[in-house]
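This report describes the salt bridges, a surface patch and a helix pair of one protein model. The sequence and the structure are shown first.

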Amino acid sequence: MTCYDRRDLGLLLLRLGTGGVLAAHGAQKLFGWFGGHGLEGTGQFFESVGYAPGRESAAAAGLAEAGGGTLLALGLATPAAGAAAAGAMAGAAAVHTPNGFFNQGGGYEYAASLGLTAAGLAVTGPGRLSLDHALGHAVNRNWMVPAAFAATGLVTALVVGARNRRLRTSEKDEQEALFEETFDE
């Protein structure tokens, strides 16, 4: 009998792949690495899609992705790491939802896949090939899973809700301006 089984190897592969992708995306936002735009450029984009203030929103998303991804890859603080990454991906999915599901049309498929995988890892746990296991699961207790998801869910709902309100207000203002312009002529 081996010390590690197929489940542990599978979880390691999922953690490394998902965590690595998330960490790279976060590094694009935070540092401009891997063809990213850094905090300034990403902040401007975030502002344009309703996340304000843009720079701070980009920093929060970048930290959730880079930090959550790195921790997932290491298998450390897995409930918090997975929940944080899932929350960041929920925010990304909100931006892409108007474009439908599939990524090729600008949809939310990619963000949903990353977020669901991160959430699944948070719930399942990192397996024995992880720092959580090596440290006796000090930051990976069963109660931490619902606590991490509750906190992340609350923050995500507040942030995405504020964004949606900003977009509705902006659309209403644009429609009123167009209406006034049409009848002023």
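Helices (H or I, at least four residues) and strands (E, at least two) are taken as DSSP runs and numbered from the N terminus. The model is predicted, so local features need pLDDT of at least 70 and side-chain atom pairs count only at pLDDT 80 or more, whereas totals for chains, interfaces and linings use all residues. Residues are numbered from 1 along each chain as its sequence is written, and side-chain values use heavy atoms, with hydrogens and water left out.

**Salt bridges**

Side chains of opposite charge can pair when their charged atoms come close. A salt bridge is defined here as a side-chain nitrogen of Lys or Arg within 4 Å of a carboxyl oxygen of Asp or Glu. The structure holds four salt bridges, including those in the table.

| Pair | N to O distance |
|---|---|
| D8 and R128 | 2.7 Å |
| K29 and E65 | 3.0 Å |
| E40 and R55 | 2.4 Å |

D8 and R128 meet through their side chains. D8 belongs to helix α1 (residues 6-31) and R128 to the loop between α5 (109-124) and α6 (131-134), so this pair ties together parts that are 120 residues apart in sequence. For accessibility, buried means under 20% relative accessible area, exposed over 50%, and partly exposed in between (1.4 Å probe, protein chains only). D8 counts as buried because its relative accessibility is 2%, while R128, at 31%, counts as partly exposed.

The side chains of K29 and E65 form another salt bridge. Because K29 lies in helix α1 and E65 in helix α3 (residues 54-74), the pair ties together parts that are 36 residues apart in sequence. Both K29 and E65 are buried.

E40 forms a salt bridge with R55. This pair links distant parts of the chain, with E40 in helix α2 (residues 38-48) and R55 in helix α3, 15 residues apart. R55 is partly exposed, with a relative accessible area of 41%. Salt bridges that share partners also join D5, D8 and R128 into one network.

**Helix pair**

Two packed helices are described by the angle between their axes and the distance between the axes. Axes are lines fitted to C-alpha atoms, for helices over the stretch in contact, and angles run from 0 to 180 degrees between N-to-C directions. Helix α4 (residues 78-96) packs with α5 at an angle of about 160 degrees, the axes being 8 Å apart. This makes α4 roughly antiparallel to α5, a term for angles over 145 degrees.

**Helix α1 again**

F31 lies in helix α1.

Terms used
Angles under 35 degrees count as roughly parallel, over 145 as roughly antiparallel, 65 to 115 as roughly perpendicular and the rest as oblique.
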